[in-house]
Amino acid sequence: MVAHRKPDFQSKWAMVVTADGLDNAKRADLRVFSEWFIDTLRLEGAFIGHYFNYESTPTMIVESETNNFESCTNAYQRIHKENPQVVLVVHILPHTQSNEYEWMKVLAQRYGFIRQGILYENCVQRFQNVDSERNSIFRNMCQWIYRSGTAIVRNEGNSCGILHGLDTKPTFEKVLYNTEDIKDAVFKVLHREEEPRGAELENIVKVSGYPEHLNTFGVAQLLTPYRVNGVTMTGPQSAVVTLENKFQVFQAVKEFNGKQIDRNHVLHVAGNVASSPAVSLPKNSQKQHIDTLMEKLKVST
């Protein structure tokens with residue numbers, strides 16, 4: 001039995017052409033250019049460690065009228081609708097500082113494409129008419145395409161909203177696109193878990209009142225120098241924090257609850273441990289005992 005090698009997966013790409021006076025000869029040259037462009041992109045990308053595996057020819061070539069936003073939009077819509085697997089769109093631009101350049105940026109973001117604009121004149125001349133070296137131009141394009149692709153995959157800096165609940169107005173939560181946040185959100189919605197999974201209740205503190213822009217790392221820093229083992233965001237200004245042990249929880253509550261962060265924010269820290277030791281003490285010596293205990297358990301900075 002002979003196992004035949006399957007061809008490597010190749011990403012699909014498309015071309016939008018915005019240029020005046022196109023005829024059959026110019027359209028044929030653009031097709032030749034498209035193959036030359038991808039071959040050169042692969043070659044120069046390999047020199048800087050970016051390996052592209054796009055198909056040799058564009059899946060489709062769509063023409064749009066110059067200085068016509070509706071025509072340009074229709075071109076991107078058509079690519080998105082007819083070939084949703086397209087990753088990269090190369091837009092042939094009519095001239096420098098054209099409206100199409102700005103529209104390309106907006107439309108590529110709208111439909112989730114990696115974009116690369118190229119002047120029609122540079123296509124015809126195969127970049128022989130520019131002052132910079134051709135390999136330098138293509139390597140810059142490679143870096144741009146690589147960064148853009150990575151940003152789409154990672155979705156850096158973006159977040160999504162999750163609605164849950166049976167009320168008329170479901171609860172809305174803002175969740176970042178990362179594994180832990182999504183995992184915690186799913187468990188909260190499906191299993192109604194409010195506390196971090198696997199955390200002992202006496203090891204957690206509920207923190208609120210901090211500025212809304214803080215992420216999990218910012219919340220953890222609020223409790224410095226105590227060791228934070230996990231942070232679960234429960235709202236725009238509230239979180240559940242897992243500390244190393246119940247003694248640190250006791251200290252953190254005493255030290256940070258009511259702390260003025262800035263002019264508009266006061267930190268609220270509450271724990272599930274008792275606020276006093278579980279030994280019977282006279283009232284006049286209780287405070288002294290707590291202070292002594294805190295000194296012994298003080299976390300070193």
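The turns that follow set values against cut-offs.

Mentor: Please keep in mind throughout that this is a predicted model.

Trainee: What makes the contact between D29 and R126 a salt bridge?
Mentor: The closest N and O atoms of D29 and R126 are 3.1 Å apart, and because the cut-off is 4 Å between a side-chain nitrogen of Lys or Arg and a carboxyl oxygen of Asp or Glu, the pair qualifies as a salt bridge. The pair links distant parts of the chain, with D29 in helix α1 and R126 in the loop between α4 and α5, 97 residues apart.

Trainee: Why is R126 called buried, and why is D29 called partly exposed?
Mentor: R126 has a relative accessible area of 16%, and since buried means under 20%, R126 is buried. D29 has a relative accessible area of 29%, which falls between the 20% and 50% limits, so D29 is partly exposed.

Trainee: How do you know that R227 and E244 form a salt bridge?
Mentor: Their side chains meet at 3.6 Å, N to O, which is within the 4 Å limit, so R227 and E244 count as a salt bridge. R227 lies in the loop between α7 and β8, whereas E244 lies in the loop between β9 and α8, 17 residues apart.

Trainee: Why is R227 called exposed?
Mentor: R227 has a relative accessible area of 53%, and exposed means over 50%, so R227 is exposed; E244, at 33%, is partly exposed.

Trainee: What makes β8 and β9 a pair of strands?
Mentor: Pairing needs at least two bridges, and β8 (residues 228-235) and β9 (residues 238-243) share six bridges in the antiparallel sense, so the two strands pair. One of these bridges joins T232 to V240, and the two strands form a hairpin with two residues between them.

Trainee: How do you know that the span of α1 is close to what is expected?
Mentor: Helix α1 has 24 residues and reaches 35 Å from its first C-alpha to its last, against 34 Å expected at 1.5 Å a residue, so the span of α1 is close to the expected value.

Trainee: What makes D23 a cap for α1?
Mentor: A side-chain oxygen of D23 lies 3.2 Å from the backbone nitrogen of A25, and because a polar contact needs the two atoms within 3.5 Å, D23 caps the N-terminal end of α1.

Terms used. Residues numbered from 1 in each chain as written. Predicted model: local features only at pLDDT ≥ 70, side-chain atom pairs only at ≥ 80, totals over all residues. Heavy atoms only, no water. Helix = DSSP H or I, 4+ residues; strand = E, 2+ residues; numbered from the N terminus. Polar contact = N/O pair within 3.5 Å; in protein donor to acceptor, adjacent residues only side chain to side chain. Buried < 20%, exposed > 50% of the residue type's maximum accessible area, 1.4 Å probe, protein only.
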